[in-house]
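Let's take a walk through a protein model together. Have a look at the picture first, then read on.

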Amino acid sequence: MKRRRFVQLGAATPFLGSLSLRETSMNPAKNKAIRLDLHTCMPLRETDEAFLPQLDRHKASGFDAVCINVGFDALTWEKSVALLANYRNFILKNADKYALINKYEDFANAKKQGKLGVFFDLEGGKALNEQLGMVEIYQRLGVRWMLLVYNNTNSLGGGCMDEVDPGLTAFGKQVIAKMAEVGIILCCTHCGYKTAAEALDLNPNPSIFSHSNPRAVHDHPRNIPDDLMKRCADKGGVVGINGIGIFLGENVANPQIIVKHIDYAVQKIGIEHVGLGLDYVFDKQELDDFLAQRPDIFPPDKFPKGINMVTPEMLPEISNLLSKKGYKSSDLDLVFGENWLRVMKKVWK
Ligand SMILES: [Zn+2]
């Protein structure tokens, strides 16, 4: 499927920039579009709820829904299930403010009720415990997208930090088929080039890069080349731009630089194929501890301590800057959430 529409630079309605964001596209009462951050990181501690009320920051910044990470390849499957229990428990007991998103229609319902929609993602196939049946278990627990490999080779395929990416394994191919069967979106972020290319080709559904920035804008092995972005878009997929300073530039994170990445991706693959997966980490100390403990996954020369991040609160300014560049309100709707929702409508069950 090829659906590419490119933003015409300088095509902004002249007076749009002078209206306050509250009066225009960021005002939920005036805009039915869903604003969705496809990837955020709460502390990976199943007994700790201290940070979870900070989900309100997404709502206050204009997001209607957010997807919380429940683990990556350095954690055990038991840990991911325990994290799911903790996050789900918090959401369910605070049902006045939050709504678990299970199906596509839940987004609009949560927004109508003024609640932040929450669902989950998993970064890496190690949490499957080598069992194909675990794919369906995670779907039942609320995991709605999953990436195959986190930085280094696992039993599904190769990672972006591998010197040699062996490509998809037989198990990796089975997992992709199972994900399509149960309705989990396939994500190729953190995968190696060969594994990602093979997965994009094999998946019968549109695939995503939930949080991968263009390597042409900043050269880092976690960023992806144009041809993978195009391959993803060609099948109706979406590339999510993240707000991590070392993937945006030389550890710089602000609205201007993320807009540079968003606009590059839009010009390359079209407005219908770009989204946001900010990857904001709420507990920065936990992030620094992980980086220090696991140099095998995060080589210090490529993953320095003290990473700067785009915050959820920067969304209005990102919106403002894109408007000034010529993005119409309908373009912003697509990039800030509706592109993700198109893939969900197609893949989720
Ligand atoms: Zn990640």
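First, some ground rules. This is a predicted model, where local features need pLDDT of at least 70, side-chain atom pairs count only at pLDDT 80 or more, and totals for chains, interfaces and linings use all residues. Residues are numbered from 1 along each chain as its sequence is written.

The chain averages 93, and 91% of the residues score at least 70. Residues 9–24 are another story: pLDDT stays under 50 there, and the model has 19 contacts for them beyond four places in sequence. (Two residues are in contact if their C-beta atoms, placed from the backbone, lie within 7 Å.) Where pLDDT is low, the predicted coordinates should not be read in detail.

Now step back and look at the overall form. The chain holds 12 helices and 10 strands; these are DSSP runs numbered from the N terminus, with at least four residues (H or I) for a helix and at least two (E) for a strand. The C-alpha atoms fill a box of roughly 55 × 45 × 40 Å along the principal axes. With 349 residues, a compact globule would have a radius of gyration near 20 Å, and the chain's 19 Å agrees with that. That radius is taken over C-alpha atoms, and the globule rule is 2.2 Å times the number of residues to the power 0.38.

What's inside? Buried residues make up 50% of the chain. A residue counts as buried if 20 or more other C-beta atoms lie within 10 Å of its own, exposed if 12 or fewer, and partly exposed in between, with C-beta atoms placed from the backbone. The largest nonpolar core has 103 residues, and Ala-65, Val-118 and Ile-262 are among those with the most contacts inside it. H12 gives the largest share of this core, 9 residues. A nonpolar core is a set of buried Ala, Val, Leu, Ile, Met, Phe, Trp, Tyr and Cys residues joined through C-beta atoms within 7 Å.

Spanning residues 329–347, H12 reaches 26 Å from its first C-alpha to its last, close to the 27 Å expected; the expected span is 1.5 Å times one less than the number of residues. H12 also bends by about 60 degrees at Gly-337, the bend being the angle between axes fitted to the seven residues ending there and the seven starting there. H12 is mostly covered, with 14 of its 19 residues buried.

In H9 (residues 255–269), the buried residues include Ile-257, His-261 and Ile-262. Just after H9, Gly-270 takes a positive phi of about 100 degrees.

Which other residues have a positive phi? Most residues other than glycine have a negative one. Yet Asn-129, in the loop between E4 and H4, has a phi near 55 degrees. His-190, in the loop between E6 and H6, has one of about 75 degrees. Asn-129 is partly exposed, with 13 other C-beta atoms within 10 Å, while His-190 is buried, with 26.

Methods
pLDDT is the predictor's confidence in each residue, from 0 to 100.
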